[in-house]
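Please look through the model below before reading on.

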Amino acid sequence: MKKLFTFFILLLSFNLSAANYYWVGGSGNWTDINHWRTTSGGSALPSVIPGPTDNVFFDAKSGFTAASKTITIDNTANCHNITFSGSVVAPMLTQSGNQTLNIYGSSEWQTDMGTISVNNIYYRHTGEAKTIKSNGVTTGGYYLYFEEENSISLLDDFISAFYFYQYAGTWNTNNHKVTINREYNSLDSQLKPSIVNLGSSQIYVKHVYGNFNTRSSYTTVNAGTSHIHFTEINNNGYGIRADPRQTYYDVTVEGPLGSIVGGAKFNRVEFKGNGSFQGANTFKELILAPTKTYMFESGLTQTITNLFSANTPQC
């Protein structure tokens, strides 16, 4: 009987530790418990605001109108899954001051939400596979962190925050278009392995200091047939920063000035502006624009196995 009673207490504790929360009342602060309900459009209030194991929903019964549609994160916010779906008026998720949203599960944003204007968004490690469904919405106002050591997979086209960091785990683009508003970094500061599966994704890095940085011995790049575009880059030392053991597919530097750094292997690289090369890189095809200036690190060899063009027509 004692063992059975203990089991019942443990089961009850588990059930109480995870709950569904539903937003009501239009605009309001995340910490205001009067905006949370235990059922969609219901009247029963929970006893506390959402925590790391709780799923939060913003839906057709959340009461959003054109004049009342803003959820303000006014202190550190935690949740498991976060879902915006079904509201006739698309809400806005923003912050008061400099805040953090910790997501311990998956996320789904609603079309026309614009940007999730929270400075720090973390997908925290729980050991479960996570997904992101963007519906055209930008995830993060400034910093976006992937800490999940299992996987994070895109369900549709993805737009990231200004700075996008992957600290661990596997990022699956699932062949979707990816837009990065300044830079992506796979860093080894936490000494945990990470895998980047790019599939056939078209990846657009949009900034004069645009960076796609996998220069880490802990990072594996599975480039597939992906194509990375640096659309606005205009600074030496920025562009692809890779590890010599990594292989990329196609890279196009479309801005006035960019770089290939690290000594990796590439299928095809094209520069439409000026550029620099650091490390002993290997290219199947290297295309340089006429009348532009290119700098190569002294004492190192750039290997081209198939095609080199530095003028028009190709030579």
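1. Ground rules. This is a predicted model, in which local features need pLDDT of at least 70 and side-chain atom pairs count only at pLDDT 80 or more, while totals for chains, interfaces and linings use all residues. Residues are numbered from 1 along each chain as its sequence is written, and side-chain values use heavy atoms, without hydrogens or water.

2. An open sheet. Three strands lie in the order E2-E5-E8, with parallel pairing. Strand E2 (28–29) and strand E8 (92–95) stand at the edges; each has a single partner strand, so one side of each is left without a neighbour in the sheet. Strands here are DSSP runs (E, at least two residues), numbered from the N terminus. Two strands pair if DSSP finds at least two bridges between them.

3. The E5 to E8 link. Strand E5 (residues 70–73) runs parallel to E8, and four bridges join them. Thr 72 in this stretch stands opposite Thr 94 of E8.

4. Strand E21 and its partners. Four bridges join E21 to strand E18 (residues 169–172), in parallel. Gly 169 has Ser 194 of E21 as its bridge partner. Four bridges also join E21 to strand E24 (residues 219–222), again in parallel. There, Ser 194 is partnered by Thr 219.

5. Two faces of E21. In a regular strand the side chains alternate between the two faces of the sheet. Strand E21 (residues 194–197) has Ser 194 and Val 196 on a covered face, and Ile 195 and Asn 197 on an uncovered one.

6. Thr 219. (Buried means under 20%, exposed over 50%, partly exposed in between, using a 1.4 Å probe and protein chains only.) Its side chain makes a polar contact with the side chain of Ser 186, at 2.7 Å. (A polar contact is a pair of N or O atoms within 3.5 Å; within protein, one must be able to donate a hydrogen and the other to accept it, and residues adjacent in sequence count only if both atoms are side-chain atoms.)

7. Charges over rings. Arg 124 lies over the face of Tyr 122, 3.8 Å from the ring centre. The charged end of Lys 177 sits over the ring of Tyr 204, 5.3 Å from its centre. (The rule: NZ of Lys or CZ of Arg within 6 Å of the ring centre and within 35 degrees of the ring normal.)
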